[in-house]
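The tour below goes from one selection to the next.

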Amino acid sequence: MNIIFHEIFQTTRQFTNNLNTVLKDYGLYNSQWSILFTVHQHKKMTLTEIWKYLNVEAPTVTRTVTRLEQLGWLVRHDGEDRRSKIVTLSEEGLKKYPAVEAAVIQFENSSAKGLTIEEQQMFLSLLRKLKG
């Protein structure tokens with residue numbers, strides 16, 4: 001196994017676990033936050049757009065969106081052809097979102113504090129290069 005990929009996988013697990021600790025105060029997990037962040041950024045998305053954008057399997061997205069609806073974060077509306085569902089943040093979700101976003105930003109800044117801006121840009125460039 002290439003040590004670079006081992007380190008990427010281990011570091012990803014560590015960041016995910018640490019972010020889950022931060023999100024626990026809001027009753028959320030990393031996978032839920034990913035969907036909330038994505039929907040917030042795009043304002044509204046179909047379930048298909050969400051799973052394609054996040055590169056996650058459709059049933060996983062459907063289950064997570066359903067759970068976020070139950071928690072009051074998201075709402076689904078009929079799309080143009082009624083087969084597609086449009087997902088948006090609920091009114092409650094829009095109110096609660098800034099506090100969670102601030103906690104995530106604080107976590108990210110704390111996690112990246114050991115890197116200079118130049119190192120962060122180089123790291124991002126290298127990750128994109130690996131991705132192809």
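Start by selecting Lys-131, which lies in helix α6, residues 117-131. The model you are looking at is predicted. Lys-131 counts as exposed because its relative accessibility is 78%, and the cut-off for exposed is over 50%. Thr-21 and Lys-131 are 110 residues apart along the chain, and their C-alpha atoms are separated by 28 Å.

Next, go to helix α2, which covers residues 30-42, and select Gln-32 within it. Is Gln-32 buried or exposed? Gln-32 counts as buried, because its relative accessibility is 7% and buried means under 20%. Show its surroundings: leaving aside neighbours within four places in sequence, Gln-32 is in contact with Gly-27, Thr-64, Arg-67, Leu-68 and Leu-71.

The last two stops concern backbone angles. Most residues other than glycine have a negative phi.

Select Lys-43, in the loop between α2 and β1 (45-46). Lys-43 is not a glycine, yet its phi is positive, at about 75°. With a relative accessibility of 62%, Lys-43 counts as exposed.

Finish at Asn-55. Where is Asn-55 placed? Look in the loop between α3 (47-54) and α4 (58-70). Asn-55 also has a positive phi, of about 60°, although it is not a glycine. The relative accessible area of Asn-55 is 71%, so Asn-55 is exposed.

Methods: Residues numbered from 1 in each chain as written. Predicted model: local features only at pLDDT ≥ 70, side-chain atom pairs only at ≥ 80, totals over all residues. Heavy atoms only, no water. Helix = DSSP H or I, 4+ residues; strand = E, 2+ residues; numbered from the N terminus. Buried < 20%, exposed > 50% of the residue type's maximum accessible area, 1.4 Å probe, protein only. Contact = heavy atoms within 4.5 Å.
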